[in-house]
Amino acid sequence: MANQEIGLFEAIYSQRAIRSYTTEPVSEETLRRIIEAGTKAPSGGNRQPWAFVAVTDSGAIATIATHAKAQFAPMYDRAVANLKPGDEPPFPRLKPLVDKFETVTAVIFPCLVQPEGSTDPPSTGASSIFPAVQNMLLAARGLGVGAVLTTLALRDPGPVKELLGLPENVHPLALIPLGYPDKERYGKTTRKPLSEVAHWNRWGNLDGGG
């Protein structure tokens, strides 16, 4: 599929979490461009403590899907157990992705690379990883590729680390399934208006900075 690049603010204003894809593979060139966009993000002290594992092997993705399903099932079952009469089924957009995860053609794992022997929890480095993630999500949007940030299969990261051959000091903090949008499309988003969330100079002053 030809990539139709768009401007930054169009990407920002139309970016959505896309969880439904065609089976058309995303090219290695496109994946490289998306990952490279991630590497242009700021990081603490410009240490760039990241690495990105792109998975396109169908067998590996099927294994990741198995872990995602196993780790999602208890969360789904708890939510179902708490339903009240008339409630809609839980996770209406996430569950279809989980159910068909093995059909995803590409997944990127953004990873934190800690110094050897570090005892810091991986969460302490998240602020240097997630700006890169947002860059990649915007790059994917700009190239017409659907993507979503999730932690499926990482509630227990051990099996994924083993599958990907990650060293002890490399920690996957998220995964980004990618593909060309199928049922879901990028477009107008529903977000709270600025007038409800932007406080000027002190909490509660929503009228402006004057």
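In the predicted model, arginine 32 forms a salt bridge with glutamate 28, and the closest N and O atoms of this pair lie 2.8 Å apart. Both partners belong to helix α2, which spans residues 28–39, and because they are 4 residues apart in that helix, about one helical turn separates arginine 32 from glutamate 28. Arginine 32 and glutamate 28 are both exposed.

Aspartate 99 forms a salt bridge with lysine 95, with 3.0 Å between the closest N and O atoms. Aspartate 99 is partly exposed, its relative accessible area being 38%, and lysine 95, at 25% relative accessibility, likewise counts as partly exposed.

A further salt bridge joins lysine 69 to glutamate 102, the closest N and O atoms being 3.2 Å apart. Lysine 69 is located in helix α3 (residues 58–81), whereas glutamate 102 is located in the loop between α4 (94–99) and β2 (106–113), so that this pair ties together parts that are 33 residues apart in sequence. Lysine 69 is partly exposed, with a relative accessible area of 28%, and glutamate 102 is also partly exposed, with a relative accessible area of 37%.

With a side-chain nitrogen of Lys or Arg required to lie within 4 Å of a carboxyl oxygen of Asp or Glu, the count comes to 3 salt bridges.

Technical notes:
Residues are numbered from 1 along each chain as its sequence is written. This is a predicted model: local features need pLDDT of at least 70, side-chain atom pairs count only at pLDDT 80 or more; totals for chains, interfaces and linings use all residues. Side-chain values use heavy atoms; hydrogens and water are left out. Helices (H or I, at least four residues) and strands (E, at least two) are DSSP runs, numbered from the N terminus. Buried means under 20% relative accessible area, exposed over 50%, partly exposed in between (1.4 Å probe, protein chains only).
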